[in-house]
Amino acid sequence: MKKISNTEIRVPDCPNPKVPAPRAPFHHALQAQLRFNDIDIFGHVNNSVYLQLLDLAKVRYFEKVLDGPVDWHSATVVVVNINASFHSPAYFDEPLTVLTAVGDMSEHSFILEQRILNPDNGDVKCTARTVMAGFDPATARGVAIPPLWVKSLLDFENRAE
């Protein structure tokens, strides 16, 4: 597998001082497409929709990292924890982008950092941290993250082992 050279994605600074700074640079972005039913009675994007957007971006991120579709029926990494914080409402006609990066990595797990923001003004709508761990579907037990995943993630994130 060849080394991927990814450029760090630059976005305007978030105007909200309560939004934590990213722990890792972002090398993957997905433009979000909203649907009419994503809007709640208050006229903004429903919180549950953010989780759907984060999931879609996670899949697209892994497809890019692994250079093709992921066979989730024989998953070798699984989600073990998700934490999301909502910082600012988003509206139907507002442009939204989902940024994804891998931060901390260990032998058995890694942390996926994501944020949904308005790319025009940097306003962060949601931040999320997802812990993913190595998994053996045959035994239904935790294992070390497969070497292909480790190498692919590190290459994509422009990091050394």
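Colleague: Let's start at Asn158: what is its relative accessible area?
Modeller: This is a predicted model, where local features need pLDDT of at least 70, side-chain atom pairs count only at pLDDT 80 or more, and totals for chains, interfaces and linings use all residues. Residues are numbered from 1 along each chain as its sequence is written, and side-chain values use heavy atoms, with hydrogens and water left out. Buried means under 20% relative accessible area, exposed means over 50%, and partly exposed is in between (1.4 Å probe, protein chains only). Asn158 counts as partly exposed because its relative accessible area is 32%.

Colleague: And where is the place of Asn158?
Modeller: Helices (H or I, at least four residues) and strands (E, at least two) are DSSP runs, numbered from the N terminus. The place of Asn158 is in the segment after α2 (147-156).

Colleague: What is the phi of Asn158?
Modeller: Most residues other than glycine have a negative phi. Asn158 isn't a glycine, yet its phi is positive, at about 55°.

Colleague: OK, zooming out: in what order do the elements of the protein run?
Modeller: The protein has two helices and six strands. From the N terminus on, they run β-α-β-β-β-β-β-α.

Colleague: What is the radius of gyration of the protein?
Modeller: The C-alpha trace spans about 45 × 30 × 25 Å along its principal axes. The radius of gyration is taken over C-alpha atoms, and the globule rule is 2.2 Å times the number of residues to the power 0.38. With 161 residues, that rule puts a compact globule near 15 Å, which agrees with the protein's 16 Å.

Colleague: How much of the accessible surface belongs to carbon and sulfur atoms?
Modeller: Accessible areas come from the Shrake-Rupley method with a 1.4 Å probe, and for residues only the protein chains shown count as cover. Of the 161 residues, 40% count as buried. The accessible surface comes to about 9100 Å², and the share of carbon and sulfur atoms is 54%.

Colleague: How far apart do the centres of the positive and negative side chains lie?
Modeller: Lys and Arg count as positive and Asp and Glu as negative, while His and the chain ends are not counted. Each charge is placed at NZ of Lys, CZ of Arg, CG of Asp or CD of Glu. There are 15 positive and 19 negative side chains, and the centres of the two sets are separated by 3 Å.

Colleague: Which residues in the largest nonpolar core touch the most other members?
Modeller: A nonpolar core is a set of buried Ala, Val, Leu, Ile, Met, Phe, Trp, Tyr and Cys residues joined through side-chain atoms within 4.5 Å. The largest one has 15 residues, and those touching the most other members are Leu53 and Ile116.

Colleague: Which element gives the most to this core?
Modeller: Two elements give two or more residues to the core, α1 (47-65) and β5 (124-136). The one that gives the most, with five residues, is α1.

Colleague: Is Cys126 buried or exposed?
Modeller: Cys126 sits in strand β5. Leaving out residues up to four places away in sequence, it is in contact (heavy atoms within 4.5 Å) with several residues, including Tyr50, Phe86 and Ile116. Its C-alpha atom is 5.5 Å from that of Arg115, eleven residues away along the chain. At 0% relative accessibility, Cys126 counts as buried.

Colleague: Which elements do the buried residues of α2 pack against?
Modeller: Among the buried residues of α2 are Trp149, Leu153 and Phe156. Their partners are β1 (28-31), α1, β2 (77-86), β3 (97-105) and β4 (109-117).
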